[in-house]
There are 6 protein chains.
Amino acid sequence: MPDSLLVVSAHAGDFVWRAGGAIALTTSRGGRATVVCLTYGERGESARAWREGHTLDEVKAIRRDEAEKAARELGAHIEFLDAGDYPLRPSDEITDRLVRAYRETRPTVVVTHPPHDPYNADHPAAARMALEARILAQAAGYPAPGDPLGAPPVFFFEPHQPEQSGFVPQVLLDITPVFETKTKAMHALPAQQHMWDYYTDLATRRGVQLRRNAGPNLGFPTDTRAEAYMRYYPQVATELA
Amino acid sequence: MPDSLLVVSAHAGDFVWRAGGAIALTTSRGGRATVVCLTYGERGESARAWREGHTLDEVKAIRRDEAEKAARELGAHIEFLDAGDYPLRPSDEITDRLVRAYRETRPTVVVTHPPHDPYNADHPAAARMALEARILAQAAGYPAPGDPLGAPPVFFFEPHQPEQSGFVPQVLLDITPVFETKTKAMHALPAQQHMWDYYTDLATRRGVQLRRNAGPNLGFPTDTRAEAYMRYYPQVATELA
Amino acid sequence: MPDSLLVVSAHAGDFVWRAGGAIALTTSRGGRATVVCLTYGERGESARAWREGHTLDEVKAIRRDEAEKAARELGAHIEFLDAGDYPLRPSDEITDRLVRAYRETRPTVVVTHPPHDPYNADHPAAARMALEARILAQAAGYPAPGDPLGAPPVFFFEPHQPEQSGFVPQVLLDITPVFETKTKAMHALPAQQHMWDYYTDLATRRGVQLRRNAGPNLGFPTDTRAEAYMRYYPQVATELA
Amino acid sequence: MPDSLLVVSAHAGDFVWRAGGAIALTTSRGGRATVVCLTYGERGESARAWREGHTLDEVKAIRRDEAEKAARELGAHIEFLDAGDYPLRPSDEITDRLVRAYRETRPTVVVTHPPHDPYNADHPAAARMALEARILAQAAGYPAPGDPLGAPPVFFFEPHQPEQSGFVPQVLLDITPVFETKTKAMHALPAQQHMWDYYTDLATRRGVQLRRNAGPNLGFPTDTRAEAYMRYYPQVATELA
Amino acid sequence: MPDSLLVVSAHAGDFVWRAGGAIALTTSRGGRATVVCLTYGERGESARAWREGHTLDEVKAIRRDEAEKAARELGAHIEFLDAGDYPLRPSDEITDRLVRAYRETRPTVVVTHPPHDPYNADHPAAARMALEARILAQAAGYPAPGDPLGAPPVFFFEPHQPEQSGFVPQVLLDITPVFETKTKAMHALPAQQHMWDYYTDLATRRGVQLRRNAGPNLGFPTDTRAEAYMRYYPQVATELA
Amino acid sequence: MPDSLLVVSAHAGDFVWRAGGAIALTTSRGGRATVVCLTYGERGESARAWREGHTLDEVKAIRRDEAEKAARELGAHIEFLDAGDYPLRPSDEITDRLVRAYRETRPTVVVTHPPHDPYNADHPAAARMALEARILAQAAGYPAPGDPLGAPPVFFFEPHQPEQSGFVPQVLLDITPVFETKTKAMHALPAQQHMWDYYTDLATRRGVQLRRNAGPNLGFPTDTRAEAYMRYYPQVATELA
């Protein structure tokens, strides 16, 4: 069974900075990756566009265009729910659309925001809906097309202020083989150039930590790049490693 | 590189009840497993032998014999440091012997007690020494034979009162293929027959949880048996799963 | 004053598996027990009924019938709010009905779900409403019949995946005298036969822990059965014990 | 079986300020109370005596005298181990003396310091020894006179800076009936007069909280006095209350 | 730039008991202080008025009048949103009014309730809105008058049951110079006379702790009064102190 | 009163990487800074020197020389206790020397390692001694020259793997004015050139976070550099900021 990765992203750019490596790894190995963007980040994460005088619809179009380009670089399918940001309000309708996305894509892995972020209220709102929809999609009695879901593992990607958000890396994912691809995807988001460096430095830092924890496993080169994740559920394993 | 598993156990029986499955999995697949028992559990975990009127030396001999039989069933090498239990006191000498065990066995995986247990003071003492020795073994300047160690991952096995010890399963290890072997090893410890049922039931319960978390991964049968572990360091991964 | 126990249960079966012993203890000693089921668990916890092809109304009727039988076995009064499950959405209307239940039953003890459960979103939703209604019922100005409530202690019963839900047993309740009654109540829920064994084993396991913590108190027999609870508020005591 | 309360106190005054109520409750009801003072608090908690120019032996004698008077007021037996304070160093010898105290007094309840206190290193050291000795006293093989102990519950009394020490009241103990006795015991410690008011105010504050949490239990008067405790092990109960 | 303090208070009295000192310090030094009361506390915190038989509108008027007097004593501007208490329900409309308050007052410091309180559901609701509005006010695209906000620090004042609410003092604020003013403001709330003593005692207790932690800083007199606060974001500093 | 900063460092380099900015800020403003190095880091943090074939004494001399140069750059006095590293064992003798250092330097601020670090056992050992000695130095009865100390605030500097060590930045200290000085001090440690970049990047990252949290405080330039600290005790303040 090929991998099916489902990424639930509050705003148009989140999936690129924080899970671009995981997405590219999946697609580069023949798996499918689906990104569901709940909003375009039109109000809360588009300061430059507003300063340039664009209207709300223009801002949305700009962000959508960028996110589609980034998704294309990563080889991912992307879908926009246009739920409205700042604030993003959980609703039964959005949650239902996520349930349907779960039942359609039948993810083997789910990636979303961590449930706590003192700097951003939309991110936890997105996480709550992503987590609840996953549970609803498993229920035989939930009225949505498709069979009840299994229980795919959930990973939280790294928030922008990790320590203040209670984020402690539990998985250090080697993204070295696809870091060039992730870089291209980041460059598809020109309005946030300061983020390019920031997330490149972060990948380096997480790479250093990966090598520090890789122990006797000598295969990781000096310039290893990594992304950090937390698990929401215990890992199922057939060996300790 | 074949696996090399190092288990640091405070008393003679601990490694059987709590990590017997992981040990048997390793050896059944051609890896090496080494158990270092810091004590025989002669004072603190041999109530029956004391009630039967044995001397201290006899109690030690009984426990040693049992532990050797259990290790044999599991295919593991076993070593006894005879450091004295109840209380087990950390010392530079025991720690040094553990450093040497690390440098000799060059473990790819380390398993020991979790560092907190309100029902037992020897278990955390063993964990502290196991963790410190692992760090010392990595130091170029530490005066023990052998090359400095890499940084093998550390797993804590499940304590007898998990919730009160802050133990939350992070890895559910499928031990179904070797559960018969673990059972034989448990039977090598006749003085604690009530534990046979207890740890069989626990393996069933953890197996139920494994299946609940295995999601779309349909390979696990109804009678899956599992052991639970916590990680002390972040997992290094080349894919999310 | 006889005891008055109020149990707030998200779905039709929850109160049986997790608090059946506490309910039976109360009623067996002449106290009153009232169970408020917010939903029938019709969508989320009735997989078998859906597989058998029942309609929504039929599923509700089946679950209601079972829950009434179980309540009867336990000697409890039961009330259904039919608030709709998967998702159960907190609302002022349901909360108000709970306020009225508090003011009518004037509970001396409240039992409900713990406020965190990564496997189920309805359980925390029920807990939130149960906790909020208890506070509202204490307010002189809240417009519901009856006098303002005192502040009854709140206990959380054990969730299905306790460790992942942050559940640490703080009270181990001896339910040995009523375990037969609890068993009959469980048998009133035939669609979940695998749960019978599961919660019987759990009662045994919690009983072992009870005896381990009962210390010099030698009154507890080998086959002690127990239920585990957490407290939400500090215990008020006239002696340390 | 009458109650047997064992209090392990790092310094000569600790048991009075923080557990005087629990001690007086026990003895007023016909139980026995034994206080083991590991040190006199001669270096760390006798600033006035040092300022007055006393020698070490004089300071010890002063503190011993005061503590004996306070114990007498409370009806407790008191024993001094003279282990040396600031720093109090855990040792096998002191621990062994505590094991013997456990086996002799056969406590039904144990009270000591909480295990964390950023303002005092002796308090956690005393707690560690008290907790370890309790475990050793349960071991059949531990070489001390008397039968192996059961597992008495342990309560931590309130430290001087509770919030910074991770102290959250779990039990609010009504000490109103013996508050006059506790006051007399406090007055036996004249060097710390500022503490009289401090711990009287604290008893009032904890009493207010007790009444706030006592709910429909209307027996507590306006001037209720209380002491706060934490539990180290789960409560064993035959009813929820 | 003079200080601008914004206090978001769930009910009419909260800001007086818990932040009266901080407010008076600000205004006594020439800064501005604005209190936004989301409700009058008409249902949940006006037991006496209800017992006296007042109507809802009368209760509101009484509480409003008292709060205005208290604010006057403190030199603060006060605004009432009349959002309805017990329960206070978060809404986009109230949140928007708070966004506007942020953009108008441009606070250099924000003070509100801590986000967890097991004794009160309105307080966390107020905190959530205060925190979210602060984030929204920073967004260029949020449609409210005024420039996007900077990111002022947020302090949580002390709840009525601090330990049970997870409140650990991180900042001890010396309010000695304005304690007389705070007392006058408390006296403007005659319906809660028992609170006068309670919060005077608390100010003394926090003052004792302030002096204990003030170290070599000898400027604090014996009768120092203090208020305790937690920080939600890291402190920005130009020196360690 | 000029500032007196006391830094307790387990190994020769720790104070440079992690607190160099705080030290330089202190001395650049006319305060005194004293660094107490418990060990040279001769065994555990001198891998290059060992690979080059140096003897133990040579390694110590190399590290001492480097640390003295770095201290000179920072304007700090430095003292070496040569207590032996890997493992650094707490002892009454070392602790006593720290007590004397406290009483001599009479610090207004103390900086040391955080008390938990899963990658290094010497760091927590150093922190424990630094914290205990500070308490002992306050005791009138502790037999060391000098007057009893006040209670200076304690800050923990950032460990090498912050998230895994439970390190959450609570204070972001602007070190921009002295970053050049810190850089020179880092260059005095040539054996760890990879650390130069690492800690320069970290200073940038913490600077970005400082600006993000500085809110309406516009004085911080784009290239702000910062060090992160945690507090061990509550902050004493005369204003909220």
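Trainee: Where is Pro87(E) found?

Mentor: Happy to start there, with the note that this is a predicted model, where local features need pLDDT of at least 70, side-chain atom pairs count only at pLDDT 80 or more, and totals for chains, interfaces and linings use all residues. Residues are numbered from 1 along each chain as its sequence is written, chains are lettered from A and ligands numbered from 1 in the order in which they are written, and side-chain values use heavy atoms, leaving out hydrogens and water. Helices (H or I, at least four residues) and strands (E, at least two) are DSSP runs numbered from the N terminus. In those terms, Pro87(E) sits in the loop of chain E between β3 (77–80) and α4 (92–105).

Trainee: Which residue does a cis peptide bond join to Pro87(E)?

Mentor: Omega of that bond is about 5°. Pro87(A) also has a cis peptide bond, to Tyr86(A), with omega about 5°. For Pro87(E), the partner is Tyr86(E).

Trainee: What is phi of Tyr86(B) near?

Mentor: Tyr86(B) belongs to the loop between β3 (77–80) and α4 (92–105) of chain B. Its phi is positive, in a residue other than glycine, and is near 45°.

Trainee: By what turn can chain E be laid on chain D?

Mentor: Copies are superposed by least squares on the C-alpha atoms of residues with pLDDT of at least 70 in both. For chain E on chain D, the RMSD is 0.0 Å and the shift along the axis is 0.0 Å, with a turn of 180°. That is the relation of a two-fold axis.

Trainee: Which residue of chain E comes closest to the rotation axis?

Mentor: The distance is taken at the C-alpha and comes to 3.4 Å. The residue is Glu163(E).

Trainee: Why do chains E and D meet through the same surface?

Mentor: Contact means heavy atoms within 4.5 Å. The copies meet through the same surface because the interface residues of chain E that are also interface residues in chain D amount to 100%.

Trainee: How far apart are the nearest C-alpha atoms of chain A and chain D?

Mentor: Chain A and chain D do not touch. Their nearest C-alpha atoms are apart by 19 Å.

Trainee: Which residue meets Glu66(E) in a salt bridge?

Mentor: A salt bridge needs a side-chain nitrogen of Lys or Arg within 4 Å of a carboxyl oxygen of Asp or Glu. Here the N to O distance is 3.4 Å. The partner of Glu66(E) is Arg63(E).
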